[in-house]
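The structure is shown first.

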Amino acid sequence: MPTWSTLLNESQKNTTNQNPNGGIDYLFSKKREFIKRLSEKTGRNTILYFSGFLQKSSIDASIGDLDINAFMENVHGLDKSKGLDLILHTPGGDLSATEQIIKYLKHSFGGDIRAIIPQMAMSAGSMIAVSCKSVIMGPQSSLGPFDPQLNGVPCQSAIREFYKAVDDVAKNPASLGLWQAIISKYNPTFLTLCEQADELSDELTENILADKDIDNSTKKKIKTVFARNSDSKTHSRHIDREKCIDAGLDVIRLEEDRELQDLVLSIHHCCMILAEQSIIIKIVENNIGGCYLRNLNQHR
């Protein structure tokens, strides 16, 4: 399988004055080939959900309500009896949209879904991964805490900051001016929305764990690692494969199947280079040619 540098070099070779989009076309072709080969190897459906959030800072990179249309497009025409391998690379996003995606995919494939994490599935993306029957991870893969975000701000961090301000001002009234400058940046309803998002996060976590065939002790361990107010301490904390295994998730080691590993990472490398070299910010694609692209500030 080609390495990152090989794909990048071939992309650059195919980019010419006569064909300035040749490199992008090459990467799309290779990505499509690798997704098809991955599905042929596993005998299962494959859907790629890739966000270019590491290359571009935009709300469009997050999970949102538009994504259900992307999944509907990509589920259409698949043989649902074969189950689904869902390749996830996402920073997370809207909890209501995440809940809808989880329900839709579980209904479509009867719960027979494996999440494949080539690099990162954070926050709401971790919720999707944990909701799956099993998770395929390499030593480089990570999930993250379920702490929800609003407008890119971790809700728990905002709430903790507010109550720290209340406590500091009560102890030292002279700090009021400093905290006013910080808190005044929030919209009037922002903290209330953060608290509501936290409540929804708890509810969705309970629903995800209730749907899994695991004992109560394992559910408690998963909550300790992933749920809000968990041991993660910070929203961006990377929860690596060994921690996921210790938490009780059914984790499959990606490197145990060399061919599977090469195909997954080749798909990921194609997407990462595409996100660097184009205005593409999200790719949702299946193994039979279905593809939904979202460009930065453009949708198609």
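The protein chain exposes about 14000 Å², and carbon and sulfur atoms supply 50% of that area. The model is a predicted one. Buried residues make up 51% of the 300 residues in the chain.

The radius of gyration is 21 Å, which agrees with the value near 19 Å that a compact globule of 300 residues would have. Along the principal axes, the C-alpha trace spans about 65 × 50 × 30 Å. Eleven helices and 13 strands are assigned in the chain. Of the contacts with a separation of 6 or more, 73% are between residues 24 or more positions apart.

Rolling a probe the size of a water molecule over the atoms shows where empty space is left.

| Space | Volume | Nonpolar lining residues | Polar lining residues | Charged lining residues |
|---|---|---|---|---|
| Largest pocket | about 600 Å³ | twelve | twelve | five |

The largest pocket is lined by 29 residues. Those nearest its centre are Ile59, Gly93, Asp94, Gln149 and Asn151. Three elements each supply at least two residues of this lining: helix H4 (95-109), strand E7 (149-150) and helix H8 (190-210). H8 gives the most, with four residues.

The second largest pocket has a lining of 14 residues. Cys132, Lys133, Asp211, Lys212 and Asp213 lie nearest the centre of this pocket.

The chain has two cavities of 30 Å³ or more. The lining of the second largest cavity consists of Leu86, Ile102, Leu105, Lys106, Ile113, Ile128, Ser131 and Cys132. H4 and helix H5 (124-131) are the elements that give two or more residues to this lining. H4 gives the most, with three residues.

Helix H4 supplies at least two residues to the lining of the largest pocket and three to that of the second largest cavity. Cys132 is one of the residues nearest the centre of the second largest pocket, and Cys132 also lines the second largest cavity.

Definitions and conventions. Residues numbered from 1 in each chain as written. Predicted model: local features only at pLDDT ≥ 70, side-chain atom pairs only at ≥ 80, totals over all residues. Heavy atoms only, no water. 1 Å grid on protein atoms, 1.4 Å probe; cavity = no way out; pocket = protein on both sides within 12 Å on 5 of 7 lines; lining within 4 Å. Points joined across faces, edges and corners; volume = space filled by probe spheres on them. Nonpolar A, V, L, I, M, F, W, Y, C, P; charged D, E, K, R; others polar. Rg over C-alpha atoms; globule rule 2.2 N^0.38 Å. Buried < 20%, exposed > 50% of the residue type's maximum accessible area, 1.4 Å probe, protein only. Contact = heavy atoms within 4.5 Å. Areas by Shrake-Rupley, 256 points an atom, 1.4 Å probe, with all protein chains shown as cover.
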